[in-house]
Amino acid sequence: MPDLRLNCSLSIPYPDVNSADLNRYDTQMIRTLLARKLRTINEYITQSVVLAHDYGALADIIDCIAVIETRHFKLLGRLLLLSGESVGVQSLAQSFNGRSARNQNGRVNKLPLAFINANLESERASASDYRLVLSQVHDASAKALLERILADEEHHADIFANLRSRYS
């Protein structure tokens, strides 16, 4: 299998996010995506730290994906700011349902697969969320950005599906 660390990002450019005119409903949907993105970034960085010693290559892949997720967070936040909305951590924290897989026994043997399965499910759910928002959002800038982010979410799901077969 090729080294996926070098392939966590698609070579498709992101659209410029220079203007946005989100209505109240669009803003609410984008804010929900942003809060979920923050949770995902937190989970991936935590997983990378936990796995780094025993599963360095897997930790690097997850870390690389976290960087892409951070880019998504910044772009979605910019979309909200351009529409005159705030992007405060306090408002996002209310939507933050922090959960992370924890290894209570200190064992790492099944942990990589548990993380991979959770991440695969998370990326698939995220792609589904983006499809739903895309079907309802009105702003052209938002649509272009969401379509690009959706491509990454689907790509990340493919990476985790491949990793699952490697670590099963």
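Colleague: Arg 36 first: is the residue buried, partly exposed or exposed?
Modeller: Arg 36 counts as partly exposed because its relative accessible area is 34%. Buried means under 20%, exposed means over 50%, and partly exposed is in between, using a 1.4 Å probe and protein chains only.

Colleague: Before we go on, what kind of model is this?
Modeller: It's a predicted model, where local features need pLDDT of at least 70 and side-chain atom pairs count only at pLDDT 80 or more, while totals for chains, interfaces and linings use all residues. Residues are numbered from 1 along each chain as its sequence is written, and side-chain values use heavy atoms, with hydrogens and water left out.

Colleague: Got it. Which side chain does Arg 36 meet in a salt bridge?
Modeller: That's Asp 129, at 2.7 Å from N to O. The pair links distant parts of the chain, with Arg 36 in helix H1 and Asp 129 in helix H4, 93 residues apart. A salt bridge here is a side-chain nitrogen of Lys or Arg within 4 Å of a carboxyl oxygen of Asp or Glu. The helices are DSSP runs (H or I, at least four residues), numbered from the N terminus.

Colleague: And where does Asp 129 fall, buried or partly exposed?
Modeller: Asp 129 is partly exposed, because its relative accessible area is 24%.

Colleague: How many salt bridges does that rule give in the end?
Modeller: The count comes to seven. One of them joins the side chains of Glu 85 and Arg 31, at 3.6 Å from N to O. Those two sit 54 residues apart: Glu 85 is in the loop between helix H2 (56-82) and helix H3 (89-93), and Arg 31 is in helix H1.

Colleague: Why do Glu 85 and Arg 31 land in their accessibility classes?
Modeller: Glu 85 counts as partly exposed because its relative accessibility is 30%. Arg 31 is buried because its value is 17%.

Colleague: What about Lys 37, which partner does that side chain have?
Modeller: Lys 37 meets Glu 69 in a salt bridge of 2.4 Å, N to O. Glu 69 belongs to helix H2 and Lys 37 to helix H1, 32 residues apart. Both Glu 69 and Lys 37 are buried. There's a network too: salt bridges that share partners join Lys 37, Glu 69 and Glu 153.

Colleague: Rings next: how many aromatic pairs does the search find?
Modeller: Two in the whole structure. Tyr 44 and Phe 160 form a tilted pair, 5.8 Å centre to centre with 55° between the planes. Tyr 44 is in helix H1 and Phe 160 in helix H5, 116 residues apart, and both are buried. Tyr 55 and Tyr 167 form an edge-to-face pair, 6.1 Å centre to centre with 65° between the planes. Rings of Phe, Tyr and Trp (its six-membered ring) pair if their centres lie within 6.5 Å; under 30 degrees is stacked, over 60 edge-to-face, and the rest tilted.

Colleague: Last one: what does Ile 149 touch?
Modeller: Leaving out residues up to four places away in sequence, Ile 149 touches Lys 37, His 72, Leu 76 and Tyr 130 (heavy atoms within 4.5 Å). Ile 149 is in helix H5 (residues 140-167), and counts as buried because its relative accessible area is 0%.
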